[in-house]
Amino acid sequence: MNPSSLRAHLHEIGVPPQRGRDEMERRARARAGEFVRLSRSTAWRIRERDQSVTSEKQLFAYLVACEVPEKRFLLWSEAWQRVRQAESRGDGAGDGRRQLLMAAEAEQRLHEFGLMPEERFPGSMAPWTVRCRRRACRQVSRIRYANIVAGVGGCRVYAGNTV
């Protein structure tokens, strides 16, 4: 399976337009504590093939929104993992190692901004779910690593403050 075929399958299970975004968001919100928050716009972008699923938790939230039975989650997860592995291998032998080094650097920079990752590093421009490390906060946010590199970002409550 490749990324475009996975997106096509996710599109097929998506709620048809007449039932709409609100219904998908309502179902996903009911179980957001188990997975991640899935907004109606994110669910719709996934359905319309404008956005790839960025984490396994997001995949599960989308499957909940589409009323896919939980007994099928493992099959979807395995397919998503295969696609991720194929993408991380890339064309060259050094691509996987480069991505691991970039992920390690990204996690270190997050730490400097008082954040910790909630999912695997998705790349510089993809939204990344992170959590504030401060005990008084622990707020979950979606950031782009490119913003952290640019020196912008951090917890919205403690914006711009480093630990």
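A salt bridge is taken as a side-chain nitrogen of Lys or Arg within 4 Å of a carboxyl oxygen of Asp or Glu. The model is predicted, with pLDDT of at least 70 required for local features and 80 or more for side-chain atom pairs, while totals for chains, interfaces and linings use all residues. Residues are numbered from 1 along each chain as its sequence is written, and side-chain values use heavy atoms, with hydrogens and water left out.

Seven salt bridges are found in the whole structure. In one of them, Arg27 meets Glu67 at 3.8 Å, N to O. Arg27 belongs to helix α2 (residues 20-30) and Glu67 to the loop between α4 (56-65) and α5 (73-89), so the pair ties together parts 40 residues apart in sequence; helices (H or I, at least four residues) and strands (E, at least two) are DSSP runs, numbered from the N terminus. Arg27 is buried, at 10% relative accessibility, and Glu67 is partly exposed, at 49% (buried is under 20% relative accessible area, exposed over 50%, partly exposed in between, with a 1.4 Å probe and protein chains only).

Glu70 and Arg31 form a salt bridge at 2.9 Å, N to O. Glu70 is partly exposed, at 48%. Arg31, Glu34 and Glu70 are linked in a network of salt bridges.

Three strands form an open sheet in the order β1-β2-β3, with antiparallel pairing (two strands pair if DSSP finds at least two bridges between them). β1 (115-117) and β3 (140-144) are the edge strands, each with a single partner, so one side of each has no neighbour in the sheet. Between β1 and β2 (residues 127-132) there are three bridges, and Leu115 stands opposite Cys132 in β2.
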